[in-house]
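User: I would like a close look at a single part of this model, with the criteria behind each term stated.

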Amino acid sequence: MRHQYLLGVVAVCLALPALALTGPHDLQFADGALAESLTGQPGDPAAGATVMTTRPLGNCVACHEIPTMADVPFQGDVGPSLAGVADRYSEAQLRGIVANAKMTFEGSVMPAFYKNSGYIRPGDGFTTKPAPADLQPILTAQEIEDVVAYLLTLKE
């Protein structure tokens, strides 16, 4: 009996991180900010840096200059420089901007990285076929938290 109880406790503990996950439809923006972590877990700045420089993921350097990543070529100037961004925005504001910048900056061309519905697109990857009904967000909830953790290191 005690063995079954312990197995139950272990199962609940292993399931808690999944229960803490906030899905794209559950986001509660307040003036563009997301106060609560999407995962209940802290982000990893090193993993965030990888997301920000990896093409199939965030690829933030394609549009933003990130002076702390001077070794990354072809940095963009479409969006503002991210130098000192942690001095300009709170963690909640950064989370909201990364998840869906249009909630903060209405006319932004920055993609919504944590959204899976309400897209306006002609089809699925230029195939002339309609996009599938259930689209996956560009980034996972943990990747959003990782990017925010990295952005919080960018102080003047």
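With which residue does Arg95 form a salt bridge, and how far apart are the closest N and O atoms?

Analyst: This is a predicted model, in which local features need pLDDT of at least 70 and side-chain atom pairs count only at pLDDT 80 or more, while totals for chains, interfaces and linings use all residues. Residues are numbered from 1 along each chain as its sequence is written, and side-chain values use heavy atoms, with hydrogens and water left out.

Arg95 forms a salt bridge with Glu91, and the closest N and O atoms are 2.7 Å apart. The term denotes a side-chain nitrogen of Lys or Arg within 4 Å of a carboxyl oxygen of Asp or Glu. In general, side chains of opposite charge can pair when their charged atoms come close. Arg95 and Glu91 are separated by about one helical turn because they lie four residues apart in helix H4 (residues 91-100). Helices here are DSSP runs of H or I with at least four residues, numbered from the N terminus.

Buried means under 20% relative accessible area, exposed over 50%, and partly exposed in between, with a 1.4 Å probe and protein chains only.

Arg95 also forms a salt bridge with Glu145, where the closest N and O atoms are 2.8 Å apart. This pair links distant parts of the chain, since Arg95 belongs to helix H4 and Glu145 to helix H5 (residues 141-151), 50 residues apart. Both Arg95 and Glu145 are buried. Through shared partners, salt bridges join Glu91, Arg95 and Glu145 into one network. A search of the whole structure finds two salt bridges.

Leu151 touches Met52, Leu82, Val85, Ala86, Leu94 and Val98, residues up to four places away in sequence not being counted; contact means heavy atoms within 4.5 Å.

Conventions:
Helices (H or I, at least four residues) and strands (E, at least two) are DSSP runs, numbered from the N terminus.
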